[in-house]
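Subject: Structure handover

Hello,

Here is the structure for you to take over. Please open it first, then read the notes below.

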Amino acid sequence: MGTLAAIDWIVIAIYFLILIVLAWWVIKQKTDTSTDYFLAGRHLGWFIVGASIFASNIGSEHLVGLAGSGATDGVAMAHYELHAWCLLVLGWIMVPFYMRSKVFTMPEFLEKRFSPVARSVLSVISLVAYVLTKIAVGIFAGGVVFSVLMPELTFMGMNSFWIGSILVIVFTGIYTVLGGLRAVAYTEALQTVILVIGSLLVLVYGLDAIGGWDRLYEVVGSDMFNLWKPLTPEGVAATWAPVKEPDVMAWYFNNNYPWLGMLFAAPIVGLWYWTTDQYIVQRTLGAANIQQARRGSIAAAFLKLLPVFIFIIPGIIAYALAQTGQVQALQAEMMADGELVRENAQAAFPLLVAHILPVGIRGIVVAGLLAALMSSLAGVFNASSTLFTMDFYSRLKPEASEKHLVWMGRVATVVMVIIGLLWIPVIQGSRGLYDYLQGVQSYLAPPIFVVFFLGIYNKRLNKEGCLAALGVGFALGIFRLAVDTPTMLVDGFAYEEGSFFWIVNNIFFQYYSLGIFIVCILVMLGVSYMTAPPSYEKISGLTFGTLTETDRSENRASWDWRDVAMSVVVIVLILAAYLYFRG
């Protein structure tokens, strides 16, 4: 079977066996009510919450995309991984509001804070975004992993990309449909352990193959270890005029992840994703109480510091091994005429697994890769079915019984699985899809982030302001996507240089996202203050300005010095990483 030996297959089989036993045990627990099915009966402990947040986040896009970006751009993308502090914001600021409101979904929280229309708008946008981004990317990356590790695998005329994608989707779909969030959360806790052990082994063997940390630094140069990229590339003069010449360019056209965008725009996407996205927050909603949810968020923050070392650094190692020719197979796959081929770098992580790990260890790591693919897809399937069932179906059929809602949740999950399978041919044919999907998140995040955070901080803001900000924000985001799409998907398509659309298309996506963010804040404040204030009794406990004494004392009782100490440690570690990776 090519890269995998018999013992590797035995290790992978053991992993699946443990997973099936665990999933079966969880499925046998009761899932009669919607709280049981969608929120694990609100009984999850902090470790399960933390590990499951981490596993949902660390999907195939990390294994394929993050290691690939390590090979091409060094540690530039580590900024996104050092957003572990966003999880502290979730635990300390947002969780108390979410837990008090007893909601199932994030859009439902917006309904309690603003209006039913706000709930519907966010639900539609979230569902569309999940289908377009998370499901699509998860399947694509799964296919890449299979095609590298099992290239000879064919069945009924399908290649390994198809077989891998279908197996992962169907198997994940089965336990998600049957077990709901509890099955997803417990299997994810197991998958986190396997994924972290497996990836650490890749790092250890990789450093050993190149000859240690100092040798790695020597081979790739200090620039690969610099988080802070200049506003314009070296030797190119910056200007405000919209020009793009070899020796002079508009600073806002530079797409090499300059420090300005990373410092100010990346956290908007980070805070939206980690503190307001159903996919992540659903885990904390399933916790037993505020304390367990907060501790789970802090635990996830610690885990979130790992990807820099277990995915990005192995990507840099793969580049170094290919460049020096120490591993011929990597050089053959990743380099052409002494230069790195960006497209092929996406396979950096699976290539390392195939060529530098000893037999047996490889099986553990492949099990870890499969764990990552499955945990992310399970998370999307479950979040999507929760959104559909609780935000649409239960409102259309308010008389539906709990059992009927659980049945509908299962049907919705099956539909998501089918959509996932239909995506495969579209995704397989498109290489630029990946970067395109990263852009999608940056354009949809700002309005959602603004209405949640400003809504909690300022009790005066009302539903009119919320809807205006969502409307204007999404319109700006969709406009940019409409401008970008033809250049991505139509070969040879380009706007006339200097034209309005050409300028919009060339603005670096992080700066555009920052622009949407500022416009949304102004719109929300402006419209809210020009219209009547909301009823403060109705939003009691949902903003800082409307907390009761009971709310405050409950929150204070939910943490002690240990929670504070652990949060401080996370922040110190993040600062240390920022100071170390300066090239």
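Start with helix α8, residues 116–149. At 1.5 Å a residue, its 34 residues should span 50 Å, and the end C-alpha atoms lie 48 Å apart, which agrees. The expected span is 1.5 Å times one less than the number of residues in the helix. Helices (H or I, at least four residues) and strands (E, at least two) are DSSP runs, numbered from the N terminus.

Before going on, some ground rules. This is a predicted model, in which local features need pLDDT of at least 70 and side-chain atom pairs count only at pLDDT 80 or more, while totals for chains, interfaces and linings use all residues. Residues are numbered from 1 along each chain as its sequence is written, and side-chain values use heavy atoms, with hydrogens and water left out.

Confidence comes next. pLDDT is the predictor's confidence in each residue, from 0 to 100. The protein chain has a mean pLDDT of 83, and 93% of its residues reach 70 or more. Among the elements, helix α2 (residues 34–39) has the lowest mean, 71. Helix α24 (residues 509–530) has the highest, 94.

Back to α8. The helix bends by about 40° at Tyr130. That bend is the angle between axes fitted to the seven residues ending there and the seven starting there. α8 is also mostly covered, with 26 of its 34 residues buried. Buried means under 20% relative accessible area, exposed over 50%, and partly exposed in between (1.4 Å probe, protein chains only). Gly143 lies in α8. Gly143 is buried because its relative accessible area is 0%.

The structure holds 4 cavities of 30 Å³ or more. A cavity is a set of points, on a 1 Å grid over the protein atoms alone, where a 1.4 Å probe fits but cannot get out; lining residues have an atom within 4 Å of a point. Grid points are joined across faces, edges and corners, and a volume is the space filled by probe spheres set on the points. The largest cavity has about 140 Å³ of space.

Which residues lie nearest the centre of the largest cavity? They are Ser126, Tyr130, Trp272, Asp277 and Ile448, out of 17 lining residues. So Tyr130 is both where α8 bends and one of the residues nearest that centre, because lining residues have an atom within 4 Å of a cavity point. Four helices each supply at least two lining residues: α7 (106–113), α8, α12 (266–276) and α21 (433–457). The largest share, 7 residues, comes from α8. By type, the lining divides into 10 nonpolar, 5 polar and 2 charged residues. Here Ala, Val, Leu, Ile, Met, Phe, Trp, Tyr, Cys and Pro count as nonpolar, Asp, Glu, Lys and Arg as charged, and the others, Gly among them, as polar.

Helix α13 (residues 278–285) is covered too: 8 of its 8 residues are buried. Among them are Gln278, Arg283 and Leu285.

A few single residues are worth a look:

- Ala55 is found in helix α3 (residues 46–57). Ala55 is buried because its relative accessible area is 1%.
- Thr487 is in helix α22 (residues 463–489). A relative accessible area of 27% makes Thr487 partly exposed. Thr487 and Asn505 are 18 residues apart in sequence and 8.5 Å apart in space, C-alpha to C-alpha.
- Lys102 is found in the loop between α6 (84–101) and α7. Its phi is near 55°, a positive value in a residue other than glycine. Lys102 counts as exposed, at 53% relative accessibility.
- Ala336 sits in strand β3 (residues 335–336). At 37% relative accessibility, Ala336 is partly exposed.

Best wishes

Note on methods: 1 Å grid on protein atoms, 1.4 Å probe; cavity = no way out; pocket = protein on both sides within 12 Å on 5 of 7 lines; lining within 4 Å.
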